[in-house]
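Dear colleague,

I am handing over the structure below, and after it you will find notes on what turned up. Please read them alongside the coordinates.

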Amino acid sequence: MDISHDALVAFSKSWGLFYLIGLMIGVLIYTFRPSNRGKFNRAKQSVLDQDDKPWT
Amino acid sequence: MILTLTETERQVALAISVAVALCGLALAAAGNQDTMEIHGWLILAFGGICALVVIREIWGPEPPKSRLESYYDEPIKFGIAASMAWAVVAMFVGVWVAALLAFPDLTFDGAWASFGRLRPVHTSGVIFGFGGNALIATSLHVVQRTSRARLPDQLSAWFVLVGYNLFCILAASGYLLGVTQSKEYAEAEWYADIWLVIVWVTYFILYIRTLARRKEPHIYVANWYFMAFILVVAILHSINNLAVPVSLGHAKSYTIWSGVQDAMVQWWYGHNAVAFFLTAGFLGMLYYYLPIRAQRPIFSYRLSILSFWGITFFYMWAGSHHLHYTALPHWVQTLGMTFSVMLLVPSWASAGNALLTLNGAWHRVRDDATLRFMMVAAVFYGISTFEGSFLAIRPVNSLSHYTDWTVGHVHAGALGWVALITFGSLYTLVPSLWKREGMYSPALVEWHFWLSLAGTLVYIFAMWNSGIIQGLMWRTYTEEGTLAYSFLDSLRAMYPYYIARAFGGLLFLIGAVIGAYNMWMTVRAAPAKAPLESDVPLNAAVAAAGRG
Amino acid sequence: MAELFHRKLERTAIGFVLAIIAAASVGGLVEIAPLFTIDETVEEAPDMRLYTPLELAGRNIYVREGCYACHSQMIRTLQDEVERYGPYSLAVESKHDHPMLWGSKRTGPDLARVGGKYSDFWHVAHLTNPRDVVPDSNMPAYPWLARTELRLNDLPLHLKALRAAGVPYTDAMVENAAVDAYDQATPESSTSSGVTERYGEKTQVRVFDDVATQVTEMDALVAYLQVLGRLTDAAYKNTAAPQKPPEPVK
């Protein structure tokens, strides 16, 4: 194999970390975006609805 | 149950059953010198029975169109029954293997009853049989309710559940026959593994199709956990089980992974099976049945999202903490340790979220054993994830690894968290699925709760003690600088704890038997619930009025 | 319009699936990808030999009986373990192990270097009934191993499968697998030199279970146990204080 073990390890360590941070930022934005608040509140309440049949 | 399938579906079901039976016949023929032969006949019988069940009612009337106005719950009922059956069988085997450690001659001189063969029957039986069936059943219940959509067809769910149980039977019976890969929690051999891939892909597609039919724009968070469970288990299973069979007529195969690479793949699989099978899936249960039972919305929806992504990220890195101080490269060990400690954050966020949901409903927790099951499950989830992060720290691991402490930790999670949240969810689900007013006997639920709790506590305290004593004895030196104890000394010290552990397990088993009995009687004998107005499709109500 | 809305919903479910895969796969990739080049970091062990067909058959019995559930084969880099069990395990020592049997629990002791520590006679007695030799043992008894004849005719297929998985068995090894297994446990047979030619002079050729008339599963399992930790001397040479491997007990 052309790629040496050390290079692969270094790549994994650095880019793995960047990727992790990037994804985490994305998740934080999604979670705290004000426009999502209504959606989340609705979801939270909707499981408690009493009706037990699919909507058509 | 066959009558709820459409005519085309019945024909397809028959075709699949016959195909499975023929595969069994082929395996039996190809493997006629090998244990494979027995499995061939077993598959043939299984396919044959399924075919007979279908044929008996294949010409029955087409199900009414009105079926589309209610959720499709028949296969879910089957899943719950299978789950409880596996619970009783596999926990019984668990008590048996626990007893074998203290009384090694309980094997009746049979090869099949030795510890090494029975132990995977216990682990696969509880994880895949009990846990897996419960997960599939509840996930199909939750996805329909939270999407406000019926399953897209009737057959897929049956295929998934019945096919999955064929896998479980092949796995468990194989271990008794000596058919095993000796890869922990992935012992089943290649043909069972291939079958599971087929079943699992169908499950995944069924889930996605149901989600695609949803009438709610937002996907409820419980489904996220179930989705992660289905997806990641598919990835883990197919990579870890890549193997070269000796021949198509041999049950035996050789994994393509070897040595240190195999160790890493194995524990990447093993630890993520804990993460996505035994954690994510059951958190999915928690996020639906806990609010329903407590009649309170989840404390913080945002927190549940954050902890979801936290768990999905972090768990994947943690597997290497099973390999501290081994021939695995040091940096991989450190990485595993670091992420294991970080995992505590999303884990405790989930446990805290569950407990805070109950805040303000403590009187219900006091009075309702079902809700108490879920509360104690959340507490044990918190305890065992803390313990997990702690044990992943390298110096701690040097003491705990290879000892009973690990076994105790696993059971704090498996009994205290996984089993209790399952029982809590099933006690919520059974009366509502079978349209009963409540469980047959609330007193028996109470008994089940206290037996489970007592059993779990006895078990984990016994294992903490034995594990720490064992670890300390192995590393104790005399003043002259020699090892103070022989291995046998440490084994002798274990016997009282092994007996205590078997007793704790027995209490837990009795609880599970009571639970199964109570559910059985609920279905058989509990009074039916007066249906809600909205529960009955309009034309059915008119028809009932007409008959009255 | 309704159709379009439906499509969008479906897309979000798929997008969600992709997000989970992306989040979950990183950890696996980062940790596992470098292990594909790990051969570069694994120690050299030119003297390392492969399992003979008989030892392999024994290993398969070890796998079949689930011995890994109670015995590890991985000595950690801790002082007390090295003193109790011998030099710590090297990655190279399990290079050809499909699967590895490092284990995760020591209800019984570690077996990574058990080869040569006890006599064949002790192993046979111990496996037949552990409590005859170790009164406080809680190991299951395996009396049927000595009664069960070892299946030899499919051993070439086993070696072939392992070769497909990456173990460098030669054509001669594959062809002669059944004969080699038989010969290794019955030294009186005329062709028994073949085993040592193919697997090296140090290969232990003898009657393992005290019954020379047939090759049993007991022969195979004891042959495997007696070779554990003895496929290479690398672990004794590459340490801070190199030492000679101990002489095996006859």
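Contact here means heavy atoms within 4.5 Å, and by that rule 80 residues of chain C are in contact with 95 residues of chain B. This is a predicted model, in which local features need pLDDT of at least 70 and side-chain atom pairs count only at pLDDT 80 or more, while totals for chains, interfaces and linings use all residues. Residues are numbered from 1 along each chain as its sequence is written, chains are lettered from A and ligands numbered from 1 in the order in which they are written, and side-chain values use heavy atoms, with hydrogens and water left out.

**Chains C and B**

The buried area, meaning the accessible area (1.4 Å probe) that two parts lose on being put together, summed over both, is about 7,500 Å² for chain C and chain B, with 65% given by carbon and sulfur atoms. Between these two chains there are 5 salt bridges, a salt bridge being a side-chain nitrogen of Lys or Arg within 4 Å of a carboxyl oxygen of Asp or Glu. C:R131 and B:D105 form a salt bridge, with their closest N and O atoms 3.1 Å apart. On the side of chain C that touches chain B, helices α1 (2-32), α2 (53-64), α3 (79-85) and α6 each supply at least two residues, helices being DSSP runs (H or I, at least four residues) numbered from the N terminus. The largest share of that side, 19 residues, comes from α1(C).

**Chains B and A**

For chain B and chain A, 36 residues of chain B are in contact with 29 residues of chain A, and about 3,100 Å² is buried between them, 69% of it on carbon and sulfur atoms. In chain B, the residues that lose the most area to chain A are B:R148, B:R302 and B:F313, together 24% of what that side buries. The rule finds 2 salt bridges across this interface, and the side chains of A:R42 and B:E216 meet in a salt bridge at 2.5 Å, N to O. Helices α4 (115-147), α8 (259-294), α9 (301-315) and α10 (330-342) of chain B each supply at least two residues of the side that touches chain A, and the largest share, 7 residues, comes from α9(B).

Best regards
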